[in-house]
Amino acid sequence: MNNILAIAHKELKAYFSTPIAYVVIGFFALLWGYFFYAMLMFFNQQSLQFEGQGGVSINQQLIRPLFLNASVIMLFVLPLITMRTYSEEKRSGTIELLLTSPLTDFQIIVGKFLGAMALYTAMLAITAVHMVLLFSYGNPEWRPVLTGYLGLLLMGGCFISVGLLISSLTKNQIVSGMVTFAVFLLLWVVNWIASFTGPTTQNVLNYLSITDHFEDFTKGILDTKHLIYYFSVISFGLFLTARSVDTERWKG
């Protein structure tokens, strides 16, 4: 466990020793703040319009759309986090030192995954300021907020595990980032053609869609099938990354 945490700490330190962490966190915070402000203005207009008619739900009209928009931001932000993880190691030649160190492939992979997740968690933690404001001046339900953040963490974990896999397959960070974004986008839109296919294919495409599994989290619904999906994707992505790293070890 100490080796895993050491790798995670090294990765997190590497992010903050370059502009990557600051650019990613700043970009995410800027877009989140913009969407929060836009949703808040829309919610205020809706509240005034339906005043005296029962009002509108802050969870449905503000928090849920905010989480859904945050999941879109992840398509652009998370490739920036994962694209250098292995690609830079290969380009600089430090991958050989890493693989010949007294560390197992499992420790290296999990450590890098936790380091990327730590940066992603820091990004989400910044947004807690907006939620504190909502709970201070409004009366939102707490359960959809907690499950929404859990959904973002799990979805981010899926994206990061896939991004690490792609990064382990190339020496070029730009190629890694572009391919990662393309794969993320494919996971996002895979169910768009589901309605034009047969029942079996439709069910498969809907199940593969990473967004379909996220929507229930924004409603405060914690379904085991969604948890199984996300943990399965994370595990499968890390497993394939392990195979890629093992191949690199034998080549070395």
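Is T147 buried or exposed in this structure? In the predicted model examined here, T147 is found in helix α8, and the residue is buried because its relative accessible area is 6%, which falls under the 20% limit set for that class. The C-alpha atom of T147 is separated by 19 Å from that of F35, a residue 112 positions away along the chain.

The salt bridges were considered next. A search of the whole structure finds 3 of them, and E11 takes part in a bridge with K10, in another with R84 and in another with K112. In the pairing of E11 with K10, the closest N and O atoms are 3.8 Å apart.

The side chains of E11 and R84 meet in a salt bridge with an N to O distance of 3.8 Å. Because E11 lies in helix α1, which spans residues 2–16, while R84 belongs to the loop between α3 (58–82) and α4 (87–92), this pair ties together parts of the chain that are 73 residues apart in sequence. R84 is itself buried, as its relative accessible area is 12%, a value under the 20% cut-off for burial.

For the side chains of E11 and K112, the corresponding N to O distance is 2.7 Å. Here helix α1, which holds E11, is paired with helix α6 (residues 105–126), which holds K112, so that the contact ties together parts 101 residues apart in sequence. Both E11 and K112 are buried. Through the partners that these salt bridges share, K10, E11, R84 and K112 are joined into one network.

The pockets of the model were then examined. Rolling a probe the size of a water molecule over the atoms shows where empty space is left. The largest pocket has a volume of about 260 Å³ and is lined by 14 residues, of which V162, L187, L208, V233 and F236 lie nearest its centre. At least two lining residues are supplied by each of the helices α8 (142–167), α9 (173–189), α10 and α12 (224–251), and the largest share, 6 residues, comes from α12. By class, the lining comprises 12 nonpolar and 2 polar residues, and no charged residues are found in it.

Helix α10, which covers residues 199–208, gives the largest share of the patch, namely 3 residues. Y207 has its place in this helix and counts as partly exposed because its relative accessibility is 40%, between the limits of 20% for buried and 50% for exposed residues.

L48 is found in helix α2, which runs over residues 19–49, and L48 is exposed because its relative accessible area is 64%, a value over the 50% threshold. From L48 to N206, the distance is 38 Å in space, C-alpha to C-alpha, and 158 residues in sequence. F135 lies in helix α7 (residues 128–137) and, with a relative accessibility of 38%, counts as partly exposed. F135 and E96 are 39 residues apart in sequence, and their C-alpha atoms are 50 Å apart in space.

Methods
Residues are numbered from 1 along each chain as its sequence is written. This is a predicted model: local features need pLDDT of at least 70, side-chain atom pairs count only at pLDDT 80 or more; totals for chains, interfaces and linings use all residues. Side-chain values use heavy atoms; hydrogens and water are left out. Helices (H or I, at least four residues) and strands (E, at least two) are DSSP runs, numbered from the N terminus. Buried means under 20% relative accessible area, exposed over 50%, partly exposed in between (1.4 Å probe, protein chains only). On a 1 Å grid over the protein atoms alone, a cavity is a set of points where a 1.4 Å probe fits but cannot get out, and a pocket is an open set with protein on both sides within 12 Å along at least five of seven lines; lining residues have an atom within 4 Å of a point. Grid points are joined across faces, edges and corners, and a volume is the space filled by probe spheres set on the points. Ala, Val, Leu, Ile, Met, Phe, Trp, Tyr, Cys and Pro count as nonpolar, Asp, Glu, Lys and Arg as charged, and the others, Gly among them, as polar. A salt bridge is a side-chain nitrogen of Lys or Arg within 4 Å of a carboxyl oxygen of Asp or Glu.
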